[in-house]
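Subject: Structure handover

Hello,

Here is the structure I promised to pass on. Please open it next to this message; my notes follow below.

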Amino acid sequence: MVSTLRRYVEQESPSDAPAAIAELVALITADFAGFSPRIRQHKLSGFGPGLQIDLPGPRRAPRLLLLGHLDTVYPLGTIRTMPWREQRGRLHGPGVFDMKAGIVQALFALKALLARSPLPCAVSLLLVPDEEVGSPASRQLTERLARDARAVLVLEPAAGPEGACKTARKGIARYTLRVSGVASHAGLDFERGASAIVEAACQVTAIAGLSRPTHGLTLNPGLIRGGTRPNVVAAEAEIVVDVRFLTARQAARVDAGIRKLRPHDPRCRLQLLGGVERPPFERSQATARLYRMAAQAAVQLGFPLAEAAVGGGSDGNFTAALGVPTLDGLGAVGDGAHAPGEFVLAREMPRRTALLAELMITLAAV
Ligand SMILES: [Zn+2]
């Protein structure tokens, strides 16, 4: 497992490098070619290919969908400053935790199941190339495969050192508020100008004021830009806001609040772009039931499996929002996603793989 993982990590695969993603797809395809008769690539406009591996099961039994992503947040060349490294049971490298180890675990779990063939039910593994940028090209494909699945198991990293699975994730919205003012000379003609920057400053406090952190609702105006020169009253400014929420109701309330914003200076204009990018993954009865099955499977394997709610979104948000039973965080145990210290605990890989296989067997039987 470790040597497979190393090859996948050393084949870098940032979301914006379609050729590199295709190379990784070729590696995975070669590793699995002898096991599955049906491996196909999906062309996704602007990105590398998506990879779908289908394993047939008994006729008419519903399918399980394993879901993961091929892309990482690290630009090409990161491997030189952040090389593959094995140290004290920790495996380091770009994307090792989020989520190449999850891919390796899924492949080994499927191979383990195939060894006891026939498979208890049909399984599809879908790996998409654009998750780290919000899955703009693959979302429809993911939703199509999820719709007729009995359950979706997401191979994203587990939460915390004890490897909890994720039974709820916040939703994400992104807004850009464009402010147009009136340019003028700051010295000669100050009063004829209407500053887009001053207007944006008023708006930004109103936006931040919609946050309710104690209720899990946050608005982060994480990016602001505007103006051209100190001696020009600014004609343009822009605020980009990242919103995280627990429920669809919170998202609707924020959306209404942001759309109600009006300019303080009537000479300024506001234009709002954006909206919800990922619906919230709320802990449904079906997800709770899936979690209980996974926890039981873990106990059989001799370890406890906790559950956690997290702030980051994944493609599990899409499938959970469709009402398909979804369990996330079934991938690797480690820490430091999206950061130079990212690592996976090597000793956890076999039992996480066994857990995934056990869970598929349990699900096939119900
Ligand atoms: Zn991820």
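Start with the zinc ion. In this predicted model, the zinc ion is coordinated by His69 through NE2, Asp98 through OD and Glu156 through OE. The distances run from 1.9 to 2.1 Å. Along the chain, the spacing of these donors reads H-x28-D-x57-E. Asp98 and Glu156 bring distant parts of the chain together, being 58 residues apart. Asp98 belongs to helix α4 (residues 96-115). Glu156 lies in the loop between β7 (149-154) and β8 (165-169).

The cut-off for buried is under 20%.

Backbone points to check

Stay with Asp98 for a moment. A cis peptide bond joins Asp98 to Met99, with omega at about -5 degrees. Met99 is also found in helix α4. Two further residues deserve a look for their phi angles. Most residues other than glycine have a negative phi, and most peptide bonds are trans.

- Arg88 is not a glycine, yet its phi is positive, at about 45 degrees. Arg88 sits in the loop between β4 (85-87) and β5 (90-92). Its relative accessibility is 76%, so Arg88 counts as exposed.
- Ser135 is not a glycine either, and its phi is positive at about 55 degrees. Ser135 is located in the loop between β6 (123-128) and α5 (139-147). Its relative accessibility is 1%, so Ser135 counts as buried.

Cysteines

How many disulfides does a search of the whole structure find? It finds zero. A disulfide needs two cysteine sulfur atoms within 2.5 Å. Cys121 is buried, with a relative accessible area of 2%.

Cys268 has a relative accessible area of 0%, so it is buried.

The chain as a whole

The protein chain has 366 residues, and 52% of them count as buried. Its secondary structure comes to 10 helices and 18 strands. The C-alpha trace spans about 80 × 45 × 40 Å along its principal axes.

The protein chain exposes about 16,500 Å². Carbon and sulfur atoms supply 54% of that area. As for charge, the chain carries 43 positive and 33 negative side chains. The centres of the two sets lie 5 Å apart.

To find your way back in the viewer, three places will do. Go to Asp98 for the zinc ion and for the cis bond to Met99. Go to Arg88 for a positive phi at an exposed residue. Go to Ser135 for a positive phi at a buried residue.

Best wishes

Key:
Residues are numbered from 1 along each chain as its sequence is written. This is a predicted model: local features need pLDDT of at least 70, side-chain atom pairs count only at pLDDT 80 or more; totals for chains, interfaces and linings use all residues. Side-chain values use heavy atoms; hydrogens and water are left out. Helices (H or I, at least four residues) and strands (E, at least two) are DSSP runs, numbered from the N terminus. Buried means under 20% relative accessible area, exposed over 50%, partly exposed in between (1.4 Å probe, protein chains only). Accessible areas come from the Shrake-Rupley method with a 1.4 Å probe; for residues, only the protein chains shown count as cover. Lys and Arg count as positive and Asp and Glu as negative; His and the chain ends are not counted. The place of a charge is taken as NZ of Lys, CZ of Arg, CG of Asp or CD of Glu. Donors are N, O and S atoms within 2.8 Å of the metal (3.2 Å for Na, K and Ca); water is not among the atoms, so sites may look incomplete.
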